[in-house]
Amino acid sequence: GGASAESSLSLSTSTNYTVTVGAGGTGYDGNGTGNNGSDSVLGSITSTGGGTGGGSAGTPGAGGSGGGGSIYGAVEVGGVGTANQGFAGGTGDNGWPYYIGGGGGAGAVGQSGSTVGGAGGVGVSVFITGAGVTYAGGGGAGGSIDLGYGPGAGGTGGGGAGSLQQVNATSGTVNTGGGGGGLGGQTNSGLGYSSGTGGSGVVILRYPSSKTITVGAGLTSSTTTDGSFKVTSFTAGTDSISFS
C-alpha cells in the first residue's frame, strides 16, 4: 500500500521477458460473491489483483487491495490489502442499518460506512507516460433505499461508484486497476443486478529511444515517444517481449 510504480529496472537485450496484463475481478450478482482480479506481471515483478467485494453470502476477498466490507454474521469487515500493493477495504457500522465500507485503493484504505456507503480508497498517481495518471482507486460501497442511505463514490484512479437497489453498480475503469462499485441492498434478493467488475490492469515501460522493443503476438500494445524516451503500454494479453 502506498507504493508508486517501479523506479528503474535493469533489462538485458536479446532476452525474453514475460508480460501479462491482469483482468479485473468479476462482480457479485446477489447470489454469492465475485472473484478476485488476476495479477499483472513483468518478468520478476508481480502486481497483485484486487480482492473481491463481500456479499451477504461471504466475506470480502484479500488481494493487492482489499475488497469492500460485507454484511456477514451482522458484522462488516473489509478485505485485507497487501504491503506495497494496496490497502484494506473499509469497515462498516456494526449495528442497524449496517453501512458498508468501500474497497481499498493503492493509495489509501477504503472509507468506512457511516451515514452513506463508504467511498473507495484513492489510488496512486504516477508519471511514467510523461503526464500524471492515477491508478488503482477502490470501488465505492452500495447503498440501500430500504434502509435510507446512499452509495459510496469510487476512489480517484478508476474506482467505480456503488449503486442503490435494482441498479447495476459502476465497473472499474479499464486499464487502471480500479475497483468495481458495490451492489445496493435489494428488496428481493436482487438477482439480475450486479456489482461492478474490476478494471483490468496495465503494464507500462519507459525506456531510451535508442532501444527497439519486440512484442509477442499475444499482447495488445502501443508505443509513443516522450522526449528522448519511448513509452510502451500493454493493455491486454500475455506473451514475451525483448529489446535490441
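## The salt bridge

Arginine 206 and aspartate 226 bring their side chains together in a salt bridge, at 3.0 Å from N to O. This comes from a predicted model, and a search through the whole structure turns up 1 salt bridge. The pair ties distant parts of the chain together: arginine 206 sits in strand 6, aspartate 226 in strand 8 (residues 219-226), and 20 residues separate them.

As a bit of background, side chains of opposite charge can pair when their charged atoms come close.

## Strands 8 and 9

Follow the chain past aspartate 226 and you get to a hairpin. Strand 8 and strand 9 have 2 residues between them here, and glycine 227 takes a positive phi near 65 degrees. The two strands run antiparallel, joined by 8 bridges. To see the pairing for yourself, look at threonine 224, which stands opposite valine 231 in strand 9.

Serine 233 also belongs to strand 9. What does serine 233 touch, once its neighbours within four places in sequence are set aside? Its contacts are Val203, Ile204, Thr220, Ser221 and Ser222. Serine 233 counts as buried because its relative accessibility is 17%, under the 20% cut-off.

## The largest nonpolar core

Which residues make up the largest nonpolar core? There are 12 of them: Tyr17, Val19, Val21, Leu42, Val203, Leu205, Tyr207, Ile213, Leu219, Phe234, Ile241 and Phe243. Strand 1 (17-20), strand 6 (203-208) and strand 9 (229-243) each put in at least two residues of this core. Apart from it lies another core of 7 residues, with Ala106, Val126, Tyr135 and Ile204 among them.

Beyond its neighbours within four places in sequence, valine 21 is in contact with Asp39, Ser40, Asn175, Gly201, Val202, Val203, Phe234, Thr235, Ala236 and Gly237.

## Isoleucine 241

Leaving out neighbours within four places in sequence, isoleucine 241 has contacts with Thr15, Asn16, Tyr17, Val19, Leu42, Leu205, Ile213, Thr214, Val215, Leu219 and Phe234.

How far apart in space are isoleucine 241 and serine 14? They are 9.5 Å apart from C-alpha to C-alpha, while 227 residues apart in sequence.

## The chain as a whole

Zoom out and the chain has 0 helices and 9 strands. Read from the N terminus, the elements go β-β-β-β-β-β-β-β-β. Of the 244 residues, 43% count as buried.

The chain exposes about 10,600 Å², with carbon and sulfur atoms supplying 52% of that area. As for contacts between residues at least 6 apart in sequence, 39% join residues at least 24 apart.

How values were computed. Residues are numbered from 1 along each chain as its sequence is written. This is a predicted model: local features need pLDDT of at least 70, side-chain atom pairs count only at pLDDT 80 or more; totals for chains, interfaces and linings use all residues. Side-chain values use heavy atoms; hydrogens and water are left out. A nonpolar core is a set of buried Ala, Val, Leu, Ile, Met, Phe, Trp, Tyr and Cys residues joined through side-chain atoms within 4.5 Å. Buried means under 20% relative accessible area, exposed over 50%, partly exposed in between (1.4 Å probe, protein chains only). Helices (H or I, at least four residues) and strands (E, at least two) are DSSP runs, numbered from the N terminus. Contact means heavy atoms within 4.5 Å. Accessible areas come from the Shrake-Rupley method with a 1.4 Å probe; for residues, only the protein chains shown count as cover. A salt bridge is a side-chain nitrogen of Lys or Arg within 4 Å of a carboxyl oxygen of Asp or Glu. Two strands pair if DSSP finds at least two bridges between them.
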